[in-house]
Amino acid sequence: LQRKPKQGSDRAIGLVPWLNRLWCACRSPHTRAWSESKAGFWDQAIKGNSALLQGAMRQFLDETVMEYWHTASLLWDIEAFYDNCCPIKCLKAAMDLEFPPAPLLMETLVHMSPRILRDGGHYSEVIQPTSSILAGTSGANDFARCLLYDMLEEIRLQYRPSVVTRSWVDDVNQRAEGTAEFLKKTLVKAGTLF
């Protein structure tokens with residue numbers, strides 16, 4: 001376990017066998033091509049982009065609105081997201097989005113394989129995961145994208161162009177600009193969908 005900045009909490013770090021990491025690295029051109037083809041309008045965690053650049057862009061947009069207009073954002077940081085992703089639901093969502101079959105099989109096996117928790121020199125009994133995926137693995141972000149895809153697409157279609165939704169995997173920003181009354185009505189309604 002690794003300490004998190006939040007007082008009193010830990011972050012589990014999954015160690016995946018090197019053979020699996022090598023296999024995933026060899027298959028990465030296929031998964032990268034899929035990821036680029038399935039990146040939604042909202043998806044900012046793409047090759048060549050950075051969280052810092054996106055933060056700066058949000059700040060720029062907030063500071064350059066028309067006079068007498070307001071901006072508002074809902075910032076969603078889904079707590080313990082990977083700890084609550086069911087591997088079976090990830091598999092189904094990935095299949096619905098036509099994730100490449102061979103990497104999908106290997107990633108599913110990795111995320112559903114038995115786990116052992118280690119803290120210092122202490123080890124747990126073998127645990128069979130049913131409600132979490134391994135954060136930090138090559139497929140975890142792809143699985144997260146698959147799980148959130150339909151929801152983010154629905155929000156985008158229902159509230160465009162009033163509310164712009166952007167995501168960095170499990171961190172989501174919903175932003176709108178306009179009169180104060182418009183923002184109260186529109187952004188609160190869009191936030192309830194999330």
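Leaving aside its neighbours within four places in sequence, which residues is valine 163 in contact with?

Analyst: The model discussed here is predicted. Once the neighbours within four places in sequence are set aside, valine 163 is in contact with Gln174, Arg175, Ala176, Thr186, Leu187 and Ala190. Valine 163 belongs to strand β6, which covers residues 163–168. Its relative accessibility is 3%, and because buried means under 20%, valine 163 counts as buried. Cysteine 90 stands 73 residues away from valine 163 along the chain, and the C-alpha atoms of the two are separated by 27 Å.

In soluble globular proteins, nonpolar side chains tend to be buried together. In this model the largest nonpolar core has 21 residues, and those with the most contacts inside it are Phe81, Tyr82, Ala94, Ile133, Phe143 and Cys146. Two or more residues of this core are given by each of α3 (87–96) and α5 (138–159). The largest share, 6 residues, comes from α5. Apart from this core lies another, of 6 residues, and Val163 is among them, as are Tyr159, Leu183 and Ala190. Ala190 is also one of the residues that valine 163 contacts.

Phenylalanine 81, listed above for the largest core, touches Ala144, Leu148 and Asp170 when residues up to four places away in sequence are not counted.

Helix α3 can also be followed to its partner α4, residues 101–112: the axes of the two helices come within 10 Å and cross at roughly 170°. Since angles over 145 degrees count as roughly antiparallel, α3 and α4 are roughly antiparallel to each other. On the α3 side the contact is made by Pro87, Ile88, Leu91, Ala94 and Met95, and on the α4 side by Leu104, Thr108, His111 and Met112. By class, the residues of this contact divide into 7 nonpolar, 2 polar and no charged.

Glutamine 54 lies in helix α2, residues 51–63, and at 15% relative accessibility it counts as buried. Not counting residues up to four places away in sequence, glutamine 54 touches Gln44, Asn49 and Trp168. Residue 168 is the end of the range given for strand β6, the strand in which valine 163 lies.

Note on methods. Residues are numbered from 1 along each chain as its sequence is written. This is a predicted model: local features need pLDDT of at least 70, side-chain atom pairs count only at pLDDT 80 or more; totals for chains, interfaces and linings use all residues. Side-chain values use heavy atoms; hydrogens and water are left out. A nonpolar core is a set of buried Ala, Val, Leu, Ile, Met, Phe, Trp, Tyr and Cys residues joined through side-chain atoms within 4.5 Å. Buried means under 20% relative accessible area, exposed over 50%, partly exposed in between (1.4 Å probe, protein chains only). Helices (H or I, at least four residues) and strands (E, at least two) are DSSP runs, numbered from the N terminus. Contact means heavy atoms within 4.5 Å. Axes are lines fitted to C-alpha atoms, for helices over the stretch in contact, and angles run from 0 to 180 degrees between N-to-C directions. Angles under 35 degrees count as roughly parallel, over 145 as roughly antiparallel, 65 to 115 as roughly perpendicular and the rest as oblique. Ala, Val, Leu, Ile, Met, Phe, Trp, Tyr, Cys and Pro count as nonpolar, Asp, Glu, Lys and Arg as charged, and the others, Gly among them, as polar.
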